[in-house]
Amino acid sequence: MLSELHASHTRFYTPDDPEYYQLADIFVGALRRRGLQRAFPDGRISYPGIGIISAFEARNTITGVIDGTPAQQAGLRAGDEIIAADGTAFEPIGSFHGKVGKSVVLEVRRGAAVVQIPVRPVDLEPTGMFLRGLESSARVIESNGRRIGYVHVWCYAGSIYQRALEHLLSQGALKDADALIWDLRDGWGGAQPEYLDLFNGRAPTMQVTDGSGRSEFVNVKWRKPVAMLINGGTRSGKEVLAYGFKKYRLGELIGTRTEGAVLAATAFLIGSGLLLLAVEDVRVDGERLEGVGVTPTIEVPAGAASAGADDPQLSRAVAVLSGT
């Protein structure tokens, strides 16, 4: 019945789905008023996992590997297909139940080959996982004499992620970069349009220092070149950012068309599952992006897992920003 609505942000998830826990954490404020304690008696939302993202329709195929997680540490890649875990059919949650901290051997199809990859699942708290993923992704890529900063925002459902990004740009690993690649591929949306103010160079940044000498930057601005990475997993509030980034010509939009999932939703715990339900229509500068998405200014298809660590969309962004 839900699928017949043909509306984004409308799906029923069960405790066998990682999204059940991720959405419970994203909507924790609303769910506290809607029986959260029944599903999570101690108030803590977590699940056993390794930090991968996959499409709901193709659970075994990895679409994203979150930085700093066991999956990345084990060398799993987007495009890998997990066939089995410890010799039994793979389940996103079930394969790791009771195995936190223990080695689990995954049978993975990578291109034409099948490889065995050991991984140690951990107890994942969604917000912490996404935040560490953002921070762990930050790095500088040297190209053509230029220092290209890179950061992947896996989830934007909360200002905590924008504050972490601002810290990386003003005081952290990316502060001395000559340009920035802002990766919004895959994961969850939730971003607010004002996050684009980060690239409004016509407002000042303040540095406030307290009596102990601790400094904090307020109203952080990035006044250097920037490019955004998008794909079919870029959804919701991230698409609003992509729309504004393109319309107001902040930089090149590189990758493939976004999902076109731009409705406002909330969550309900019903029976043994979680219902994500679209409740409001959304227009951006008068345009409806639902079912339409945002097309890139530079179209670059994603690479296959068999290509190794190569990421053609990232490589194109580096080339654009470094002039190669």
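**Notes on the predicted model**

1. The C-alpha trace of the protein chain spans about 55 × 50 × 45 Å along its principal axes.

2. This is a predicted model, in which local features need pLDDT of at least 70 and side-chain atom pairs count only at pLDDT 80 or more, while totals for chains, interfaces and linings use all residues. Residues are numbered from 1 along each chain as its sequence is written, and side-chain values use heavy atoms, with hydrogens and water left out.

3. The protein chain holds eight helices and 19 strands, where helices (H or I, at least four residues) and strands (E, at least two) are DSSP runs numbered from the N terminus. Of its 324 residues, 48% are buried, a term that means under 20% relative accessible area, with exposed meaning over 50% and partly exposed in between (1.4 Å probe, protein chains only).

4. Helix 1 (residues 18-26) is largely enclosed by the rest of the structure, because eight of its nine residues are buried. Those buried residues are Pro-18, Glu-19, Tyr-20, Tyr-21, Gln-22, Leu-23, Ala-24 and Asp-25.

5. Eleven aromatic pairs are found in a search of the whole structure; rings of Phe, Tyr and Trp (its six-membered ring) pair if their centres lie within 6.5 Å, and planes under 30 degrees apart count as stacked, over 60 as edge-to-face and the rest as tilted. One of them joins Tyr-20 and Tyr-21, whose ring centres are 4.9 Å apart with planes at 80°, so this pair is edge-to-face. Tyr-20 is buried at a relative accessible area of 6%, and Tyr-21 is buried at 9%.

6. Phe-199 and Phe-245 also make an edge-to-face pair, because their ring centres are 6.2 Å apart and their planes stand at 85°. Phe-199 lies in the loop between strand 12 (179-183) and strand 13 (206-209), whereas Phe-245 lies in helix 7 (residues 237-247), so the pair ties together parts that are 46 residues apart in sequence. Phe-199 counts as buried at 11% relative accessibility, and Phe-245 is buried with a relative accessible area of 0%. One aromatic cluster is formed by Tyr-156, Trp-182, Tyr-195, Phe-199 and Phe-245.

7. Six strands form an open sheet in the order 10-11-12-15-16-19, with mixed pairing; two strands pair if DSSP finds at least two bridges between them. Strand 10 (139-143) and strand 19 (298-299) are at the edges and have a single partner strand each, so one side of each is left without a neighbour in the sheet. Strand 15 (residues 226-230) and strand 16 (residues 252-255) run parallel and are joined by four bridges, and Met-228 stands opposite Leu-253 in strand 16.

8. Ile-83, which is found in strand 5 (residues 81-85), counts as partly exposed at 26% relative accessibility. Between Ile-83 and Asn-60 the C-alpha to C-alpha separation is 6.7 Å in space, although they are 23 residues apart in sequence.

9. Val-218, in strand 14 (residues 215-218), is partly exposed at 32% relative accessibility.
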